[in-house]
Amino acid sequence: PCAVKMGTLVEPALLLLLWQSLSYCMSLPTVRQPPTIIKQSMKDHIVDPKDTMVIECEAKGNPHPIFSWRRNGKYFNVARDTQVSMRRRSGTLDIYAWNNPEQYEAEYQCIASNAYGSAYSNKIRLRLYRAPVWPREVLEPLVVSAGLPLVLSCDPPPGPPKPETYWMSSSVPTMHPVRPDRRVSMGINGDLYFSNVQFNDSAADYCCNARFPYKNVIQQKMPVVVKVLTIRTVAEAAPTWLSPTGSSSSILVLQGEELLLECIAAGVPTPRIAWTKNGDDLGASPRIKVKNFNKMIQIQKASFDDVGEYTCTATNKIGYIEHTVTVRVKAAPFWLEKPTDLVLAPEENGRLLCQSDGAPRPTVSWFINGEPIEVATPQPNRQVSGDTLTLRAVTAENTAVYQCNVSNEFGYLLANAFVNVLHATPRILGARNELIKVIEGSRPLLDCRYFGSPVPELRWSKYGQGTLEGNRFKTHRNGTLEIKQIRIEDQGTYLCVVSNVAGRDESQVRIEVKEPTLIVTRPQSMKVIRGSDVRFECGVKTDVTTPVTTTWMKDKKHVTLGWRISLDESNLVITNANRGDEGNYTCVIKSEMEQKSASARLMVMGMTNRPDPPTKLELSDPYERSVRLRWVPGESNHNPITEYLVQYDDDDWLPGKWRNLSTYPGNLNSVILHLTPFTYYEFRVIAINEIGMSRPSRPSTRFQSSGAPPDVIPKNVKGVGTWRNNMEISWEPLTYRQWNGPHLKYLVWWKRRDSREEWKNATTKWLKYYIYDADTFTPYDIKVQAVNDFGLGPESPVVTGYSGEDLPSAPRSFRIQQRHLDSIYVDWDLPAEPNGVITGYSLKYQTMNATRGEESRVEELTPNVTSFSVRRFDRYTRYRFSVAAQTRIGTGEWHTEESPHYTTETYAQDQVDITTQGWFIGIMCAVALMVLILLIVCFIKRSRGGKYPVREKKDISMEPVDDKDQEGSFDYREEERGLQRGQSSMEAMMKRSDSDDSLVDYVEGSEIPFNEDGSFIGQYTGTRRDVRELDFGGTLELHSSVNTIYSLA
């Protein structure tokens, strides 16, 4: 309604209804109305001077209002400015700033006026958008040592409006956002913070980017190059604050605005951040979000509950620090109850409320048609009390537009509300004498919109009798009649009557109640074999007076009827069903009042029911070790897909070699794939159900994962000398798949083992590195790690290598011992200076009385053998021994030593001689006894006589004589001939033993001389008789123990 009752204050709810009905009042050309601002620009209005600058101001009223403007509080003569125009029947300004657009940066206010008042817009601050330009500057590379903190400033152009900043890192050939972590953060002010710098931070350039939302323009700052100085060990450091600084700070935020608190600390190891509020832990709250690895607190809309002291603590194993942020919350003015327009009849009372709040509490100012109420023409029936303006027994003079302004130091609010005092006959707005058809059981709404001043009384009746109110009937304050659960008997004509002191008006509505439409036979879902016939039934029951139409939908699209798909009454028939017929079928029954539907699903089974391959593979969220893969599942063909197999091809040289990557549950179509960095990939997906696998999907687009530091340790690290003063360090190369980035190199580390010297290092792209000027065969600790453009990989385990070998020195502690009478035992120790790995020993020995030309014997021994024994022919034989160690380089220095005499009684007593053993004595006695018996027998026979030829030495020839004479006597010449036959062999034997020492040769001579060292002189003086000088004329004397005995016999 557009009027109120006489003599009462207007209730707030009714005022709201008046406001909602105002549009209907405006449809009456004879009803006057003060102006109302219906559209205006924002208080902070940013425009681009290159385009037409538009300041909007639209208003309505009756008569239509005229518009004027103020600029910076003064009247703005639009007509006299050639660069400004005002639109027809509107207050909107178009500013064409061809020259000096800066002159139009000002504060504007629109005024809409007619004969019944003036409405004012907000004060609109016009600001010019300036293209953001970063100053062209040459940024020197930032050099920082590893472990120290670093702050990269952004300082974007200020706007307006304020830009959104973010950081990108660029490395050939890609650019990607800098991902924050516990160590790297982007601050609220847009700066990039490094709690401590690492070597791989220098792998890319850093660019600050700013997005300006007005034009959605992105500007990029000149890139910053960071060079990190590597050191062997990074010193640990206690936490220090990067942002904010100091131990305390404070922040002021307005209610409803976003509150951001941050704490970023430097230190090694990277500190961890924790928060408390007023000494207590932050409770779980959907309003408070802890972000950026606990370094930021975000509250989307601050409230007075957020006031307090927030303490952040940065901790690492070296120490901890604290910072306290005091949060204060203030509030710009906000509405509790905004004044609304009043339409009053003469002598009625009215009230405008302007209730607001804020911190601090705002002040309230009232205006009439833009003029402060204190200086306006006094009216005795108008009273202002704070936030309430009261009008009593209004007259036409009270018609005006009233402004309420509430403000504090943080902002202001301005509201227009008109008071329209008029006298009007009641009128029913909208259509009259309507016919409404409704369904039984529904809840129809019968409209009766009306207007009048004073506010008319409204009454609903059926056939003009009585008043409909209560039970199932309800009259709303806007005149609408609601009937709950309408019945057949409610059918009929309903009358709406409005009246006041000025008159009355009425309208009628006729209602027809119909039976509801019901689907009594609903279509059933089914599975059929391909080629079968399908029939979907859809039986309907409806009101006999209500015509209905039946349509069928497949997957929300109308079914196209033809020779194979047809209708049988309301039933759908499909002949020779195929896979294309699969889908959801919906029977739609529609009447002029309602619509009913029922659905069923058709599945067509084939001979094989493998799933169809997935389609539309899409890659997103790329990182160095992962990417997200999405796809659209193919048809399962009535056998649920149990899993998906993702395959990949990463072979640049032989494409098409697909390998299995992983399997995923069949209910997923978006997965994270774990990849190898810096590798080109193509993916495809295979769907699997209980029948089998689908055909592979089409491959995805080719994708290269981002680079990363190597994560494989070089294997088979070893150090081997190739010359006496160097060492070759070698290792197995990383495969190309293990590079993880471009320009793979190897960082080689070495130092002397068990020394306090610092590690030395060198970088090489080869698989070997040589160390020169090394001491001979010195142990070194060695380790190798791979490095690429993205950083260092893990270090290999420390191994021991040796510099080059040289010839060894002579073996130490050479000893000669006679442990038995017939052998000499020698042993020795390792050389004092091996100069390498001992590979063996060379031992040379020969007798000291060897004849000229006799070669020494050489024994090659393994490195674990350091002893040797020589068997002697007699206890008086001496040997000369020479021993040398061997390395890979060759044979080293020789050590030579002669064996001493072992003939003294003391030594003999110390030795174990088998001649003193009982068993040996017994055997020798038995042998001697047998020899003695034989000699006696021979002597007896010889003494009997016989032929015994006497020859003169060995030059006398022997005639052949029979062994026995004719008398059968024994011929002793046979013995002589036997001795002669053995002479040549004996001579050879004596020559072979020519070098042996024997005292037997001297038993018939004089006293035997000896040297001072006890050695026998005879072998050197020449007194020894040659066997060739022996006389074999009579008897043959063999110088041996047995022959001696024989001669005695």
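I began with strand β44 (residues 457-462), which pairs with β47 in the antiparallel sense over six bridges. Strands here are DSSP runs of E with at least two residues, helices are runs of H or I with at least four, and both are numbered from the N terminus. Two strands pair if DSSP finds at least two bridges between them.

This is a predicted model, where local features need pLDDT of at least 70, side-chain atom pairs count only at pLDDT 80 or more, and totals for chains, interfaces and linings use all residues. Residues are numbered from 1 along each chain as its sequence is written, and side-chain values use heavy atoms, with hydrogens and water left out.

I looked up K462 and found Y494 in β47 as its bridge partner. On to strand β48 (residues 503-514): nine bridges join β48 to β47, and the two run antiparallel. L495 stands opposite Q508 in β48. A hairpin of two residues links β47 to β48.

I then checked cover. In β47 (residues 492-500), eight of the nine residues are buried, meaning under 20% relative accessible area; exposed is over 50%, and partly exposed lies in between (1.4 Å probe, protein chains only).

Next I turned to V937, which sits in helix α4 (residues 918-943). V937 is partly exposed, as its relative accessible area is 40%.

Last, I noted totals. The protein has eight helices and 80 strands. Of its 1049 residues, 42% count as buried. Among contacts (heavy atoms within 4.5 Å) with a separation of 6 or more, 64% are between residues 24 or more positions apart.
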